[in-house]
Every structure is written in structure tokens, then in C-alpha cells.
Amino acid sequence: MTECGGADLVDFTVAAITIAFPAVIFACLWRIFITYKSPRVIGLGLKGEASAFEPLATKQIASSQLFLYFLTSLSTFVLGVFAFKVSNLIHELIIGLAAQ
């Protein structure tokens, strides 16, 4: 029941996480440090003069929106921990049933 293409499912999951984790970290860091570095400007496309470009106004995040971001991240984390515990419980039940 825990076979996945001839390999143990736990070994497959560990290998997949080992491969995907550095890529996810790199993508997050790229988005934080590279994508958001360029200044946001509106280009009118008429001439290359500096007067033809105006910087966009920076938008502040509302406190309610920040609270919702925090609440979403916290609930996602709690759901992940719950899924992990349920997965371990099912794994222990399967091993317990196989040992009997």
C-alpha cells in the first residue's frame, strides 16, 4: 500500500521535498530581493526625456489587509501541521494493522 513505483512512499516524499525545497526558497528570495527592487514608473512613450516618466505613488498596506495576510499565513501553517499529524496517524495505523 505504501509502494510508489517500486520505491517506498516515505522515501519518495523525502526525495521530492529535498529537490523542491531549495527551488522554492530561491524563488521566494528572488521575488523579494530582485523583483521588488526596480522602481515603479509610468512611461508615456513619447520621448526618452526624464519629464516623460513619473514615478507611481507608493501604496501603503492597510492594517486590516495586513491582519488578513497574517491570519491567512497562520491558518495555512496550522492546517499544514494538522495534515502532517493526520498523515503520521494514518501511517502508524497502517503499520499497526500490518503487524497484527
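Predicted model: local features only at pLDDT ≥ 70, side-chain atom pairs only at ≥ 80, totals over all residues.
What share of the 100 residues in the chain is buried? I looked that up before anything else. Buried residues make up 1%, where buried means under 20% relative accessible area, exposed over 50% and partly exposed in between, with a 1.4 Å probe and protein chains only.

Residues are numbered from 1 along each chain as its sequence is written, and side-chain values use heavy atoms, with hydrogens and water left out.

**Layout.** I count two helices and four strands, in the order β-β-α-β-β-α. Both kinds are DSSP runs numbered from the N terminus: H or I of at least four residues for helices, E of at least two for strands.

**Surface.** The chain exposes about 9,300 Å², and 72% of that comes from carbon and sulfur atoms (Shrake-Rupley, 1.4 Å probe).

**Helix α1.** I checked its span: 25 residues reach 36 Å from first C-alpha to last, close to the 36 Å expected (1.5 Å times one less than the number of residues). I also found a bend of about 30° at Ala20, with Pro22 following within four residues; the angle is between axes fitted to the seven residues ending there and the seven starting there.

**Aromatics.** My search of the whole structure gave one aromatic pair. Phe26 and Trp30 are tilted, 6.0 Å centre to centre with 40° between the planes. Rings of Phe, Tyr and Trp (its six-membered ring) pair with centres within 6.5 Å; under 30 degrees is stacked, over 60 edge-to-face, the rest tilted. Both residues sit in α1 (residues 9-33), four apart, about one turn of the helix. Phe26 is exposed at 55%, and Trp30 is partly exposed at 46%.

**Patch.** Phe26 and Trp30 turn up again in a nonpolar surface patch of about 960 Å², whose members include Ile17, Phe21 and Ile34. I placed Ile34 in the loop between α1 and β3 (41-43), partly exposed at 45%.

Conventions: Patch = residues over 30% accessible without salt bridge, like charges linked within 9 Å, V, L, I, M, F, W, Y side chains within 5 Å. Salt bridge = Lys/Arg side-chain N within 4 Å of Asp/Glu carboxyl O.
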